[in-house]
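Hello,

The structure is below, followed by notes on what was found in it. Please read them with the model open.

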Amino acid sequence: MDLTSATSAKAWAGVAVLGGVVAMGLRDRVAGLGFLTHRFGVTSDRNLALAGAALYARSGELYMKHLSSGGAALGAFALCVAALKTNGAA
């Protein structure tokens with residue numbers, strides 16, 4: 001599998017996960033945010049930095065979902081850059 005195919009596969013996996021999260025949130029917003037371990041007061045602050053999981057860790061709450069999603073986003077970005085470089089687009 002070349003980097004372009006790997007990038008596409010990772011992007012579609014992200015679409016599937018995000019679609020599931022959106023569907024869950026559409027059915028019941030509070031339950032959806034609860035599944036994601038989001039708190040209403042922290043959610044907007046969390047989006048300001050990739051290390052937003054530190055907000056949850058400091059308050060003693062679950063943070064691995066947030067940390068792993070940030071790591072997955074960084075991995076997808078690195079894969080996209082590598083694919084662009086090998087294809088000569090960057």
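Which backbone oxygen does the side chain of Thr 7 reach? The side chain of Thr 7 reaches that of Leu 3, at 2.7 Å.

This is a predicted model, in which local features need pLDDT of at least 70 and side-chain atom pairs count only at pLDDT 80 or more, while totals for chains, interfaces and linings use all residues. Residues are numbered from 1 along each chain as its sequence is written, and side-chain values use heavy atoms, with hydrogens and water left out.

Thr 7 lies in helix H1; helices are DSSP runs of H or I, at least four residues, numbered from the N terminus. Its relative accessibility is 15%, so Thr 7 counts as buried (under 20% relative accessible area, with exposed over 50%; 1.4 Å probe, protein chains only). Leaving out residues up to four places away in sequence, Thr 7 touches Leu 79, Cys 80 and Ala 83 (heavy atoms within 4.5 Å).

Leu 79 and Ala 83 are among the buried residues of H5, which also include His 66 and Gly 70. Helix H5 covers residues 64-87, and its 24 residues should span 34 Å at 1.5 Å a residue (1.5 Å times one less than the number of residues). The end C-alpha atoms are 34 Å apart, which agrees. Just after H5, Gly 88 has a positive phi of about 80°.

Back in H1 (residues 3-27), which also holds Leu 26, the picture at Leu 26 is one of exposure, with a relative accessible area of 71%.

Regards

How values were computed:
Helix = DSSP H or I, 4+ residues; strand = E, 2+ residues; numbered from the N terminus. Polar contact = N/O pair within 3.5 Å; in protein donor to acceptor, adjacent residues only side chain to side chain.
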